[in-house]
Amino acid sequence: MIQCPAPSDRVQKRTPIAGMTTLLPDPQSDEPLDENLTPWSASSPPHGESRDRSPSPEGPRPPLPPRPNTLSLLNDETASRTANLQCEATTAVSRGEIGTQSPEAAGSVYSTLAVRGLSRGLKARASLSHLASPRGSEAGDSASIRSSIQNSDPGDVEALFKDFVATAPVDQPGTASLLHFPEFPADDVDDDEFMGEFEPVGELDEDAGNEELLLQRWKSRQKHYMILSAAGKPIWTRHGDGGLISTYVGVVQTIISFYEDSNDHLRSFTAGDTKFVIMTRGPLHLVAISRMMESDDQLRLQLEAFYMQILSTLTLPSLAHLFSVRPSTDLKRPLQGSETLLSSLADSFTRGSPSTLLSALECLKLRKVHRQSINNALLKSKASSLLYGLVVAGGRLVSVVRPKKHSLHPGDLQLLFNMVFEADGVKAGGGESWIPVCLPGFNSSGYLYMYVSFLDLRGDIDENEDISKDESVAIVLISPDKESFFEMQGMRHSFVEQMEKNGSLKVIASAIDQGRPATTDIVPGTVLHHFLYKSRPNVQFTMSSYSPEFTSISRRRRLMSVYNNIHSSVHAKNTHVKVHHCVSRSASSFAWVTPVFELYCVAEPNANRNALVQSASKVAQWVQQEEERLFIIGGAVRII
Amino acid sequence: MASRAAAGARPGAKFAQFKLVLLEFAGVEICQGGKQSSEEEVTDQLDQDQFDDYRESTIGAAFLTQTISLDESTTVKFEIWDTAGQERYKSLAPMYYRNANCAVVVYDITQASSLDKAKSWVKELQRQANENIVIALAGNKLDLVTESPDKRAIQTADAEAYAREAGLLFFETSAKSATNVRELFTAIAKKLPLDQAGPRNLRTAPRPGVDLRPEAPGTQGAGVCNC
């Protein structure tokens, strides 16, 4: 259980909402995806100049192709209007321990439940920040922080934290009355047990004799996703097949339609330690069920990715058409073959994905000249019908070419990377692939055509040796012309030839070998075990190596849970937290949010807070020094 | 015919290259990938235990090359479009079978509806594709039926009769145990006009200034298909 200092001891700066907006943009945009629309090649302003999302250097960006308004993640207006109704309705539905949440209305993800839950003796899944009312002194503190952040050069950063440390009373957790934070119990979960999460539940025997066993296994999964049509037809579930769990899908459908009948939308509810989040997109209901301590917003982002994946397979018009012709359409058939993509997305969420959490991309760290020569080779061999060209090393972007008018949407790239690296369909196919794909963030109404082939960086590869996904390098060329396979194939050959000549292949291979730096490489002797750094203007992130602390999958999952927790704390609605420190039994974590970056660090539970803070600011300095290597910035990618 | 002489072939040796389209009833796999392999015979590659019953069908289409030796002096190289034939990508199919010299239409002998689907592909090929196209009909998952005969949904005789009537080569295959896969490809190769080998290229897309040698340096290994 995470133990947080009691409200009065919180090391958290809260700022009154009024006045914030004039100085700083809202740290959490209400529309995360819109933030992502910022072209990542937009110039990153030198710190201190423009703090807002910077417009593209070419001036106002021409309008993107039409996007469905369904893409806007959080239609909060409607939700808050109906929020009160929701709460009452839930009480009516069940006398059990179900708390309906209306996060936006309440201004806090947890508050509704927290109030109810506490009185019921439930484990309070409450973040204290939401319960504590800001005190005057805190407002004063944050004011000083705010002014410091305006100039984020190192000296001022030190000043910022000195101030922060000095004014915040340092109390040991445990002395004050504590609330218990939920925590992913990886301490006693071993890898084998966690890996079971990804195993198939199994198939029913012919006489259904093993139904009990299968259901038990099904219920033991910590995370479930379901997609069903508005008419109640199951479309896809991560665990268990339709026959086995049809009654449960029916229950979900009944609950959802109960609210719909009263013109309402159920968004989420909690039962015991399980959270249910429901998202309705057009003719589809997407449901996430999690016991992994994720917030509503985080689960909703994941559901959004599933919806985008479905659009990517079918396109929006054809999805709409299918259901307008026959509302009872069974979408399983049109989606045939893409189940593996949905499942691999689900599994990457279950393992914990920094990319999804931060809605950002990671790049392969390369020297600027090296990246430049790859970019040049890519441009030089560019085929005329090429729309986007990407070089991707195990999910990390190496180089990109894009047309002047269009940026790439991180959500789209997430789908592409999932398809290319996670799902086995493409890689296992061997050879070169030609895949029709709709990039919903780019244009949800039609297909683009994607050429994928993997690079052989190691020369002779042993036939039986599988290359791990982190090491495989894919060339992805996207064209609007479905006939252009051979053109793309030609471009690929000449591009690879050039990279071979100018040594770029070796550069990429050695960058992959080098891996991510450990925290101790960056700050010798640091208390930090891991960090995530998101560059907001670039919509990209970088992080330290998982080893040695987080090499096992369950430890990594716990790390991600710590990040989830702290991320949702600083991004909770109506909180404007700049600095957040949280101590739990397994880790102490620290978040620092500025308009330019978000930095999340994790250290030992008993790490000294001053040391933590100093390391964090050193990491921030390091990233700023290495910025042009860690991120693909503005002019680095030449425009076609 | 898109057969052409390969550069560097041994004197006296015949080398022919053909385009093949592999249309699979979604979910049926005959051409398995997953590992790099050199140019070996179909069976050798299928012998590797790579077949995964649960593997989903190909996403989109895969472009593979496969070389087989008919006899000591004759080598046939197939450029294969392997496509799952999913309905939503139907508009792409013409690109795959255009100029194809041969086609393998695969159905699943344990699924009754899959033969109808295969028939409609055959019809489309006979109507739209190259008029001299050699078409083979392959009933896959023979291994399942050998294990438990009651799983068979399509009788061999029925499919064979249809194949004869439509002028198709016919095999029942197992991708899993590699049964009849080599035979299938060999039979196709024998039906193709090897003697017409010539430096012709029927690809429609212009490829300015680009060397398209399939084994260009930097591509993945040598041969790619694991059929």
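Reader: In which helix of chain B is the confidence lowest, and in which is it highest?
Author: Residues are numbered from 1 along each chain as its sequence is written, and chains are lettered from A and ligands numbered from 1 in the order in which they are written. Helices (H or I, at least four residues) and strands (E, at least two) are DSSP runs, numbered from the N terminus. In chain B, the lowest confidence, a mean of 36, belongs to helix α1 (residues 42–47) of chain B, and the highest, 91, to helix α5 (residues 156–166) of chain B.

Reader: What is the mean pLDDT of chain B, and which stretches lie below 50?
Author: For chain B the mean pLDDT is 70, with 65% of its residues at 70 or more. One stretch below 50 has 32 contacts beyond near neighbours in sequence, where two residues are in contact if their C-beta atoms, placed from the backbone, lie within 7 Å; another such stretch has 83. Where pLDDT is low, the predicted coordinates should not be read in detail. The stretches are residues 1–9 of chain B and residues 197–227 of chain B.

Reader: What ipTM and pTM does the model score?
Author: Two scores are given for the model as predicted. The ipTM is 0.72 and the pTM is 0.71.

Reader: Which strands stand at the edges of the open sheet of 11 strands, and why is one side of each left without a neighbour?
Author: The strand order is β11(A)-β10(A)-β14(A)-β13(A)-β12(A)-β2(B)-β3(B)-β1(B)-β4(B)-β5(B)-β6(B), with mixed pairing; two strands pair if DSSP finds at least two bridges between them. From one strand to the next the twist averages 25°. An edge strand has a single partner, so one of its sides lacks a neighbour in the sheet. The strands at the edges are β11 (396–401) of chain A and β6 (169–172) of chain B.

Reader: Over how many bridges do β13 and β14 of chain A pair?
Author: Strand β13 (residues 448–455) of chain A and strand β14 (residues 473–479) of chain A run in the antiparallel sense. A:Ser453 stands opposite A:Ile475 in β14(A). The number of bridges in this pairing is 7.

Reader: At what angle and axis distance do α14 and α17 of chain A pack?
Author: The contact joins A:Leu341, A:Ser344, A:Leu345 and A:Ser348 of α14(A) to A:Asn418, A:Met419 and A:Glu422 of α17(A). These residues divide into 3 nonpolar, 3 polar and 1 charged (Ala, Val, Leu, Ile, Met, Phe, Trp, Tyr, Cys and Pro count as nonpolar, Asp, Glu, Lys and Arg as charged, and the others, Gly among them, as polar). The two helices are therefore roughly perpendicular, a label for angles of 65 to 115 degrees, against under 35 for roughly parallel, over 145 for roughly antiparallel and oblique for the rest. With axes as lines fitted to C-alpha atoms, for helices over the stretch in contact, and angles running from 0 to 180 degrees between N-to-C directions, α14 (residues 339–351) and α17 (residues 410–422) of chain A pack at about 100°, with their axes 10 Å apart.

Reader: At what angle do α12 and α13 of chain A cross?
Author: A:Ile310, A:Leu311 and A:Leu314 in α12(A) meet A:Leu316, A:Ser318 and A:Leu319 in α13(A). This contact has 5 nonpolar residues, 1 polar and no charged. The axes of helix α12 (residues 296–314) and helix α13 (residues 316–325) of chain A come within 7 Å and cross at roughly 90°.

Reader: Which helix packs on the open sheet of 6 strands in chain A?
Author: The order of this sheet is β9-β16-β15-β19-β18-β17, with mixed pairing, and its edge strands are β9 (361–362) and β17 (579–583) of chain A. β9(A) pairs with strand β16 (residues 540–543) of chain A in the parallel sense over 2 bridges, and A:Phe541 is the bridge partner of A:Glu362. Touching β15 (528–535), β16, β17, β18 (588–593) and β19 (597–603) of chain A, and directed at about 135° to β19(A), the packing helix is α23 (residues 609–625) of chain A.

Reader: Which peptide bond is cis, with omega near 5°?
Author: Most residues other than glycine have a negative phi, and most peptide bonds are trans. A:Val539, in the loop between β15 and β16 of chain A, has a positive phi of about 50° although not a glycine. The loop between β16 and α22 (553–570) of chain A holds A:Pro548. The cis bond runs from A:Ser547 to A:Pro548.

Terms used. Predicted model: local features only at pLDDT ≥ 70, side-chain atom pairs only at ≥ 80, totals over all residues. pLDDT = per-residue confidence, 0-100.
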